[in-house]
Amino acid sequence: MKKIKHTVYFLCLFSFLFSLTNCKGDGKSEKTEEEISTTKSEIDFLSKENYGTTANGEKVEQYTLTNEAGMEVKIITYGGRITSLKVPDKNDEFEDVILGFDSLSQYTSEHPYFGALIGRYGNRISEGKFSLDGEQYQLPQNDGKNSLHGGDQGFDKVIWTAEVPSDSTSLILKYTSKDGEMGYPGNLDVTVTYTLNEDNSLDVAYEAESDKKTIVNLTQHSYFNLTGNFEETILDHEVVINADEFLPVDETLIPTGELRKVEGTPFDFTEAKKVGKEIETENEQLQLGKGYDHCWVLNDQSENMHFAASAYDPESGRFLEVSTTEPGIQFYTGNFLDGTLPRQGGEGTYAQRSGFCLETQHYPDSPNQEKFPSVVLNPGEKYNSKTTFKFSVK
Ligand code: BGC
C-alpha cells in the first residue's frame, strides 16, 4: 500500500517540521494554530501534530490514525490517552464517542483518567499494600486509604515514546517504569500498541517485561458515550456483559473476595439491558459504587480473545463490542462525574453518567486475594494482554 512506502520520508518530515514548530517552552501547555504541523494530506492513514508542552517543559504529540472507512482515532503521548474517536452512526454521520478535553492543560489538570492508559496496576489495591516473596511494598494511597490506577503519578501521567511501524496503521507507545517508581518493584518496560483496523475496530495490545518480580495489570480508561452528544447520559445504552458473576465490594470499593451470581440482581447484563433500568434500585452494592463500579468475572477465563461486553445506543444505532484476553471487566458508569469538568468543543460540563468505561483487566486487589488469578510477573516472563473495541451500527 502507498502508505508503507511513504513512512520513512514522512518520519523525517515530522522531525523537520517539529524542529520548526517547537512549543514556547514557557510552561504553558495550550496549543496554537501555528504550533500545529500536520502531514495529514500527505499520509493517508497516520498523522502527527504538536499538542503542546507540559508545565515541566515536556513536549506532547498527538497522533491521528484513520482507516479507509473514515474512522479516526486521536492519541496523545501524555498518558497514551485517546482524545477523540470518531465512528459513524446509522446515517453514516461521524461523531466523537469518547469524552475528552480541548487542550493539554485540561488533561494535565485534575480529572478521573480521561482516555488514559492505566498502570502499573489498573484498579484498586487495598491500603496500597502487597507483598512478594515476603517483602512488603507500599504504594501511594491516592484513593482514600487505597491505591488506585498505579498511584498519583501512574502511566496516565507520563510521557510515552511513540513509534510508527512501517504499515502506519498502528501507533506504538513505550514507557519504562523505574524500579521503585510509585512503590512498585522492578524496572518495567511497557509497550502499548494501538492498531486501527479496516473493520472499524481498535486493538490495544499491551506487553511488559520486568527485571524483578513485580505485579502488572494494564488497562484503558476511555469514557464512551455512543450518542456522540455529550449532553446526554449513557443511561439508555443497552449493555451486555458476558459474565454470570461479579465481585461485590466493601465501602472502599475493594472486592470482598466473594464471586456473586448476577442472576436476579441489577448486575445481570447477560442479556441486553438499559444501563439506567436498575441503576437506582435499592441495592447495597449499587449504593456502595454510587452506581455500577464493579468488576465482572468473565465467563471465558482463557487467555484467548473472548467476547467481554457490548453497548448499543438505539438512537444513533452505534454498537460497540469489546473482546479481550483478560479475565475481568470493570464496568464504571461515570458515577463520580459531577458536572465540574468542561466538555470538549464548547460549552457545558460533563454531567454524572455522561460516559461509561469498560476496563478489561485482572481483578482489583488481586495481589492480596489468593483466589483471584495472579498478576505477578517474574523476570524473564512476558506480560501480554489485548483488548479490541469494535464499532458498527445496528
Ligand atoms: C474506578 C472508579 C473511579 C474511576 C475514576 C474507575 O476505574 O472503578 O471507582 O472513580 O476509575 O478514577
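View 1. The model is predicted: local features need pLDDT of at least 70, side-chain atom pairs count only at pLDDT 80 or more, and totals for chains, interfaces and linings use all residues. Residues are numbered from 1 along each chain as its sequence is written, and side-chain values use heavy atoms, with hydrogens and water left out. Glutamate 207 belongs to strand β14; strands (E, at least two residues) and helices (H or I, at least four) are DSSP runs numbered from the N terminus. Leaving aside residues up to four places away in sequence, glutamate 207 touches Asp189, Val190, Thr191, Lys382, Tyr383 and Asn384, where contact means heavy atoms within 4.5 Å. Lysine 174 is 33 residues away from glutamate 207 along the chain, and their C-alpha atoms are separated by 9.6 Å.

**View 2. Aspartate 203 in strand β14.** Strand β14 covers residues 201-210 and includes aspartate 203. Aspartate 203 counts as buried because its relative accessibility is 12%. Its side chain makes a polar contact with the side chain of threonine 388 at 2.8 Å. A polar contact is a pair of N or O atoms within 3.5 Å; within protein, one must be able to donate a hydrogen and the other to accept it, and residues adjacent in sequence count only if both atoms are side-chain atoms. Apart from residues up to four places away in sequence, aspartate 203 touches Thr193, Tyr194, Thr195, Asn197, Lys386, Thr387 and Thr388.

View 3. An oxygen atom of the ligand is 2.8 Å from a side-chain N or O atom of arginine 124. For histidine 221, the distance from a ligand oxygen to a side-chain N or O atom is 2.8 Å, and for glutamate 359 the corresponding distance is 2.7 Å. Taken alone, the ligand exposes 310 Å², and the protein buries 95% of that area. Such areas come from the Shrake-Rupley method with a 1.4 Å probe; for residues, only the protein chains shown count as cover.

**View 4. The chain as a whole.** The chain contains three helices and 27 strands. Of its 394 residues, 56% are buried.

Conventions: Buried < 20%, exposed > 50% of the residue type's maximum accessible area, 1.4 Å probe, protein only.
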